[in-house]
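Visitor: I have not looked at this one before. Could you walk me through a few spots?

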Amino acid sequence: MKFQKYISAIIHPIVIPTIGVMIYFLFVPTTYMSDQKFTVLSAVFVITYLIPLFTLLVFKKLKLIDSYKTETIKERRLPVLLMVILFYFLANTLNSTLILKDLTLLFYASSLGLLIIYILFYFKFKMSIHLFSLGISTGFFLVLSEIYSQSFLLVIIILIFLSGLVASARLHLKAHNKLEVYSGFFVGIIAAFATYFIL
């Protein structure tokens, strides 16, 4: 049980965007200088990690949530809606200031996917955000393979392996059922491709 808890905590949805951008800068050829990459990484870290973390602390203090795990649909609504807005804001910022189209696609796709998750709350369906974040990352690198005609097979294999590990942990902890886990992963992939074709 402890191992599954560690996996869920380490590979948490709010750390995935920062790790994804780091991997992007490592594997995708760009003309950006080190200081520019650091600026982008810092912005991503603040908007997708620090702000949500601080918000959860405030929500807990105000008793809007009972647990930082946000296990129920009721507890997840406000944090997920906030993330929809933050990812959309980040995508717009990257697009208008740095014109970094690849990462703009990633964060628009994340906002779209989270909006789908939020809408499904009203149908009493609690999709796995852990698996969604890994699905988005997998879909993003599949899209990059199409854009650059370059294989990112190693990254994709690692992401799929981690997805299986996290899916197993979430099921073992009874945080989700199989449908919630699998749908989270595939909605992430679909959101990445849908955004690519829309943009």
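Guide: Start with Lys 126. Leaving aside its neighbours within four places in sequence, Lys 126 touches Glu 71, Ile 73, Arg 76, Phe 121, Ala 175, His 176 and Glu 180, where contact means heavy atoms within 4.5 Å.

Visitor: Before going on, what kind of model is this?

Guide: This is a predicted model: local features need pLDDT of at least 70, side-chain atom pairs count only at pLDDT 80 or more, and totals for chains, interfaces and linings use all residues. Residues are numbered from 1 along each chain as its sequence is written, and side-chain values use heavy atoms, with hydrogens and water left out.

Visitor: OK. Where does Lys 126 lie?

Guide: Lys 126 is in the loop that runs between helix 5 (101–121) and helix 6 (129–148). Helices here are DSSP runs of H or I with at least four residues, numbered from the N terminus.

Visitor: Which side chain of opposite charge is nearest to Lys 126, and how far away?

Guide: Glu 180, at 5.4 Å. Lys 126 is buried yet has no salt bridge. Buried means under 20% relative accessible area, exposed over 50%, and partly exposed in between, with a 1.4 Å probe and protein chains only. For charge, Lys and Arg count as positive and Asp and Glu as negative, while His and the chain ends are not counted. A salt bridge needs a side-chain nitrogen of Lys or Arg within 4 Å of a carboxyl oxygen of Asp or Glu.

Visitor: Which backbone oxygen lies 3.1 Å from a polar atom of the Lys 126 side chain?

Guide: The one of Ala 175.

Visitor: What is the phi of Lys 124 in that loop?

Guide: Lys 124, also placed between helix 5 and helix 6, has a positive phi of about 60° although it is not a glycine. Most residues other than glycine have a negative phi. Lys 174 has a positive phi too, near 60°, and sits in the loop between helix 7 and helix 8 (178–198).

Visitor: Are those two lysines buried or exposed?

Guide: Lys 124 counts as exposed because its relative accessibility is 66%. Lys 174 is exposed as well, at 72%.

Visitor: Changing topic: which residues make the nonpolar surface patch?

Guide: Leu 26, Phe 27, Leu 154 and Ile 158 make a patch of about 420 Å². Patch residues have over 30% relative accessible area and no salt bridge; nonpolar side chains (Val, Leu, Ile, Met, Phe, Trp, Tyr) are joined within 5 Å, like charges within 9 Å. The areas come from the Shrake-Rupley method with a 1.4 Å probe, and for residues only the protein chains shown count as cover.

Visitor: Which helices supply at least two residues each?

Guide: Helix 2 (16–27) and helix 7. Leu 154 belongs to helix 7 and is exposed, with a relative accessible area of 53%.

Visitor: And Ser 163, buried or exposed?

Guide: Ser 163 is buried because its relative accessible area is 5%. Ser 163 is in helix 7 (residues 153–172); leaving aside neighbours within four places in sequence, its contacts are Leu 131, Leu 134, Thr 138 and Phe 185.

Visitor: How far is Ile 11 from Leu 134?

Guide: They are 123 residues apart in sequence and 9.0 Å apart in space, C-alpha to C-alpha. Ile 11 is in the loop between helix 1 (2–10) and helix 2, and counts as buried at 11% relative accessibility. Beyond neighbours within four places in sequence, Ile 11 is in contact with Ile 16, His 130, Leu 134, Leu 162 and Val 166.

Key
Polar contact = N/O pair within 3.5 Å; in protein donor to acceptor, adjacent residues only side chain to side chain.
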